[in-house]
Amino acid sequence: MTSPTCAGLWNSPKKERALQAQAQWPEPLSCRTGRSLVKVTALPSYDIETASNPFISFRDLPLRSRYRFMLEEAHFTIAGFLKGPVCRGQVALSVIDDRFWVVFADPDSPAFDRDAEFLAKEAGYLRLPSESGSNAFALDWLGYGRTQKKFLELKVQHYAKAFQKAEAPPTLEVLWDGDRSNPNAGLTIFRHFDQGSVVQGLVGTPPKTAWIIGYPLLERIHYLLVAGFDVFGNLGHQLNTRIYMDFLRMEGEANFVALLPIASRKAVRDYWYRGARSEVKDYIDGAATHFPLETGIAFKTADPAHELMQMMQARLAPALGHKAPLARGVASPATRAGVERLGALQGRNVSFLPQLAWLIVQEDGGEERTFTLLHNNGRSNISHLFNEDERRLPDEDTLTVLEGLVGAYPNAFYRMRSADLSAFAGEVAGMKGAADYARLAARYTVGSSDPDFWGVSDRVIDALARQSPVDAALPDYGRFQLR
C-alpha cells in the first residue's frame, strides 16, 4: 500500500480516514517536499510538553508546508484569535495598537532554507504557556520570557549568517507578495477598546506600527491564543498568555525595524515606546532585537518607517487588488468627498467619537450605502497591563473610514443624507468636548429607543449578508451607546 503524501494529508477530504488507517500501513508515512522524502515514523505524542509545542509535534512535516497551510489563509488564521474568547476585555486587547499593518515573510526566500534545521534544534526555547496547563502559576511568564529572549538572540544570529552567506542584505524581497494573487498577503488589524477586527489589505494611511510575521511567529501566535488557550484557565494561565503576547508583538515589530537603516532603528523604537519602563526599553534595545546587518533598501526620506510602509503597499498591490470589496458599487461624488474628509480627521476632536460606529448614508436616488467609522486611540506605548488612561494621547487619535461594515459590536448607528455628510465631518472636526458630541449624536444617531432602530438594524443585517454571504452573522448590540 502506498502512503499518502503530505499534500494528500492536508488537502484530501479523506484525510481523517487516511490517518486512522496509518496503523495498518506496512511502511511509515512519507512526506514529499519536492526535494526529498521525509519519513514520519510515529504520530506526535499527547504528552503536555510535546502537544503544547508545535515545533516538536510537527517537526516531521515539511516546514514550508506547515507555514503555507497557515499563511495562505492568513486572514482566517489571525481572525482565529481576534474573534475568539482570548481577545475579550480591555486588558486582553491592550496588547495591540488600535490600528497596525501585518505582512509576512516569504516562504520561498533563500533565508528560509535552513529554518527547519534551526527550529528543530532550538525548539526547547519555543515553549508556550499552555505547557503549564490551565492551573498555571502566575509568575511562570518570567521563565517563558527568558526562553523567548534566548530564542530571539539565536534567531538574530541565524538570519544574520543566512544573509551573509547569500551575500545579499535583506530587502523587500523577503516579504511574501501573496504570489501576486492572494489578498491575505497584507492585513490591517483594528482594536475597538475591548474587541478587535481584521480586514484584508493595508488599509488607510501608514499607521504608527507594523509587524512582519514569519513562520515561527505565526505558529506561536496561533498556539498561544487559539490552540493552547483555555477560556476556563485560572488567572495564572490567562496572565502568562497575555504577557507572552507582549513578547510576540515586540518580535513582529522588531522584524519590521530590521528592514530600516541601522541609524534610524532606535529612534523608531523609542517613538513606539515613549514613557515605557526601563526594563522594556532594555529589552527592545538589547541583543534579542538587534539585527546587526544594514538594510539593502534604499531610502530617500527622513522618515524611513513611513517610507517602508508605503513600499510594502506598492509591493503587495497586485495581490491586494484581489481582495473582496467590503461593499460593491460606486458612491456618489458628494458621498466620496464627505468620506474622504472624515478619514482625514485626526486629533483631540476625534477622541470624543465611539470606537466603532456604522454610518448609513442615503444617496439622492434613495439607495443606502454603509460605512464603518473606526476611532483609533493614540497612546505613548502599549507595554503595560494596566493604567492605560495614563498613556492616552488624544491629540494623536485618528479616524479610519471604510466602505462596508467592519466589526461585530457597533457602538452607534449614524444616519444622514449624502448631502449632509460633509457637514457631519465638519461638526466632528469642530468638537471640543463631550457636550459637542452629545449635540452631534442627537442630530445624527439612531438610538436603540428610536422607533426606526429595528428597521435600520434589519437593513444593516441585509447589507452584511450581501457583503459577506459566507460568514455574515447577526451584530451584537451589547456595546451599543445612546440607548
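Tutor: A residue counts as buried under 20% relative accessible area, as exposed over 50%, and as partly exposed in between (1.4 Å probe, protein chains only). This is a predicted model, in which local features need pLDDT of at least 70, side-chain atom pairs count only at pLDDT 80 or more, and totals for chains, interfaces and linings use all residues. Residues are numbered from 1 along each chain as its sequence is written, and side-chain values use heavy atoms, with hydrogens and water left out.

Student: Is Asn387 buried or exposed?

Tutor: Asn387 belongs to the loop between strand E8 (368-376) and strand E9 (398-403); helices (H or I, at least four residues) and strands (E, at least two) are DSSP runs, numbered from the N terminus. Its phi is near 55°, a positive value in a residue other than glycine. Because the relative accessible area of Asn387 is 52%, the residue is exposed.

Student: Where is Arg180 found?

Tutor: Arg180 is not a glycine, yet has a positive phi of about 65°. With 52% relative accessibility, Arg180 counts as exposed. Its place is the loop between helix H9 (141-166) and E4.

Student: How many salt bridges does a search of the whole structure find?

Tutor: A salt bridge requires a side-chain nitrogen of Lys or Arg within 4 Å of a carboxyl oxygen of Asp or Glu. One of them is formed by the side chains of Arg277 and Glu279, at 2.9 Å from N to O. Searching the whole structure gives a total of 30.

Student: How many residues apart in sequence are the parts that Arg64 and Asp108 tie together?

Tutor: The side chains of Arg64 and Asp108 meet in a salt bridge of 3.7 Å, N to O. Arg64 lies in helix H5 (residues 63-71) and Asp108 in the loop between strand E3 (99-104) and helix H8 (115-121), so the separation in sequence between the parts they tie together is 44 residues.

Student: Which residue forms a salt bridge with Asp194?

Tutor: The closest N and O atoms of this pair are 3.0 Å apart. Asp194 lies in the loop between strand E4 (186-191) and strand E5 (196-200), and its partner in the segment after helix H18 (453-467), so the pair ties together parts that are 285 residues apart in sequence. Asp194 counts as buried at 17% relative accessibility. At 25%, the partner counts as partly exposed; this partner is Arg479.

Student: How many residues of strand E6 are buried?

Tutor: Both faces of E6 are covered: Thr209, Trp211 and Ile213 are buried on one side, and Ala210 and Ile212 on the other. Strand E6 (residues 209-213) is therefore largely enclosed by the rest of the structure, the buried residues being 5 of the 5.

Student: Which residue stands opposite Ile212 in E6?

Tutor: Two strands pair if DSSP finds at least two bridges between them. E3 and E6 run parallel and are joined by 5 bridges. The residue opposite Ile212 is Val103.

Student: At what angle do H10 and H11 pack?

Tutor: Axes are lines fitted to C-alpha atoms, for helices over the stretch in contact (heavy atoms within 4.5 Å), and angles run from 0 to 180 degrees between N-to-C directions. The axes of helix H10 (residues 215-227) and helix H11 (residues 235-257) are 11 Å apart. The contact includes Leu217 and Ile221 of H10 and Tyr244 and Leu248 of H11. The two helices pack at an angle of about 160°.
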